[in-house]
Amino acid sequence: MDHDFDAPAGDKPPASTGGVGGLRGLPEWHALENHFHVVEKLTLRALFDADPNRGTELAAEGAGLYLDYSKNRITRETMRLLLDLARARGIESRRDAMFRGERINVTEDRPVLHVALRAPEDMRIAVDGADVVPEVHAALAHMADFAEKIRTGAWRGYTGKRIRAVVNIGIGGSYLGPEMAYQALRPFADPDIAVRFIANIDGEAFATAVAGLNAEETLFIVCSKTFTTQETMMNARTARRWCVAALGNDAAVAAHFVAVSTNVAEVARFGIDAAHMFVFWDWVGGRYSLGSAVGLSLMIAIGPQQFMQLLIGFRDMDDHFRSAPLARNLPVLMAMIGIWYNNFFGLETQAILPYAHGLMRLPAYLEQLQMESNGKHVDLAGRPLSYQTGPIIWGEPGVDAQHSFYQLLHQGTKIVPCDLIGFLRPVVDVAGHHDILTANLFAQAEALAFGRSPEALAADGVPDGQISYRVCVGNRPSTIILGERLDPRTLGALIALYEHSVFTQGVVWDIDSFDQWGVELGKVLARRIIAELQNQEAGEAHDSSTRALIRRYLAARTRAH
């Protein structure tokens, strides 16, 4: 099947329709406001009692995932009105513009083409008239060839020993994505190759990452698009010194370091052969880059074939997002339910609760995906917004978290919408474990929705003096996402589900979900303070608090010496 998503050079996305009053001035928004006042006091228990088919009809499937959204504080009319809002905001045209390669990242004047990273070879996606799909597949072939050399032992270190450890050095998406996916897919990884990750510039992070490793058998992958990212390059230079000190020659760098970058000159200056530089493109943001060369450490761990299954899973959800009607479209349904809570209930957080040990890093990954994408305060035209945007994302795996913060979820004064993620079959099957794990997932969703009343507690023989403390009021919303099992293809679909949900919310809020200018200020100030720490003098440009902190730090450093 041929696909053609050719955008003419210089095409611009649809004009902004946001700003003060833009979204909130729409009739679809007013309809939702009026509807909210009608349904806000309805309880999930009443909704289920009134509709015996609710649990099966407020559900949808796509790309191997099952979405049960029936335990949300919505009615069928709520969903109809939310989807009307999505249509009014042009979600379908904006989605198609992204897939065509139009420059929907308006503040950086770039296309947004993480979808091209998993495009089939027969698809055409053109940027300024040039089809990028052949470049993507050439990069994947380069990665696969290198990964096989490491996995088979054809690639040797400086002293002739095979590589038995891979250390990924990156920050942000070039760290969180590979680390999250590696943890999720460890059952599919080669047990003879250790894979570790460094991002933090605390020296302890580097020491921990290389602890017990033999430099003769260690490969470092340095992920930095510009090869100038401060944190990444500090760790890379430390790794270079560690390697050279152990192997006794700068020439060893070429056998123990490769780069994921676009800066050939800086990569060569570091001592890495240009043939061992893996490219990616400015139309891929870091938090969307797992399917690019940023995923090289993961490909080495699980092998090219399983990595391709991951990409197929991404593609499954891409196809679903492009083709499914909005009323059955998983990313759109999730996005609009999130907007319902964020903008009408005024809820500020969302919990990610995976019932899978392998997804221990998924909440952190989604923190970046959502909060860096949609933590914005102006619209596409640069005008201040008059409504709340991206929620605060947090979470931990169940059942671990049931013994920590679930207390607040059930009895706290804050309402936190929850995504509970589970799988029908385990990857590692230990007798009895998966049944109990899954039972807890289902039970928690049921407990959040329906709680436990004073009458039920009394019927269970709880003393009167204890009842008020034990009541769970329920009516706490949750969405359940079920996959067949946590394998590469399912993981790809799950990640893409959240990617497209975040995109959909950004379209409704009329913001640029693909820039991240808010991270720059701290970096600028840090560079100034670094110079002051090196010169041992606090600058007068700072506030009194910052000057006092710098002086306290310098005094402690002086005492230590």
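This report walks through helix packing, pockets and cavities in a predicted model.

## Ground rules

Since the model is predicted, local features need pLDDT of at least 70 and side-chain atom pairs count only at pLDDT 80 or more, while totals for chains, interfaces and linings use all residues. Residues are numbered from 1 along each chain as its sequence is written, and side-chain values use heavy atoms, with hydrogens and water left out.

## Helix 14 against helix 20

Let's start with helix 14 (330–345) and helix 20 (488–509); helices here are DSSP runs of H or I with at least four residues, strands are E runs of at least two, and both are numbered from the N terminus. The two axes come within 8 Å and cross at roughly 50 degrees (axes are lines fitted to C-alpha atoms, for helices over the stretch in contact, and angles run from 0 to 180 degrees between N-to-C directions). That makes helix 14 oblique to helix 20 (under 35 degrees is roughly parallel, over 145 roughly antiparallel, 65 to 115 roughly perpendicular, and the rest oblique).

Residues in contact, meaning heavy atoms within 4.5 Å, include Met334, Gly338 and Ile339 in helix 14 and Ser501, Gln505 and Trp509 in helix 20. The contact divides into 11 nonpolar, seven polar and no charged residues (Ala, Val, Leu, Ile, Met, Phe, Trp, Tyr, Cys and Pro count as nonpolar, Asp, Glu, Lys and Arg as charged, and the others, Gly among them, as polar).

## Two other helix pairs

Helix 7 (residues 173–184) and helix 15 have axes that come within 9 Å and cross at roughly 145 degrees, and this crossing is left-handed. Gly173, Leu176, Gly177 and Met180 from helix 7 meet Leu362, Ala364, Tyr365 and Gln368 from helix 15. That contact has five nonpolar, three polar and no charged residues.

Helix 5 (residues 91–100) packs on helix 13 (residues 304–323) at about 140 degrees, with axes 10 Å apart, so this pair is oblique.

## The largest cavity

There are six cavities of 30 Å³ or more. On a 1 Å grid over the protein atoms alone, a cavity is a set of points where a 1.4 Å probe fits but cannot get out, a pocket is an open set with protein on both sides within 12 Å along at least five of seven lines, and lining residues have an atom within 4 Å of a point. The largest cavity has a volume of about 290 Å³ (points are joined across faces, edges and corners, and volume is the space filled by probe spheres set on them).

Of its 25 lining residues, Met334, Gly338, Gln350, Asp419 and Gln505 are the closest to its centre. Helix 14 gives the most to this lining, five residues. By class, the lining has 14 nonpolar, 10 polar and one charged residue.

The largest pocket holds about 1,100 Å³. Its lining has 39 residues, with Thr229, Gly286, Gln516, Glu520 and Lys523 nearest its centre; helix 7, helix 9 (230–247), helix 15 and helix 21 (520–535) each give two or more. The lining divides into 13 nonpolar, 16 polar and 10 charged residues.

The second largest pocket has about 540 Å³ of space. Helix 17 (433–450) and helix 7 each supply at least two lining residues, and helix 17 has the largest share with three. This lining has 14 nonpolar, six polar and four charged residues.

Key: A crossing is left-handed if the near helix is turned anticlockwise from the far one by less than a right angle, and right-handed if clockwise.
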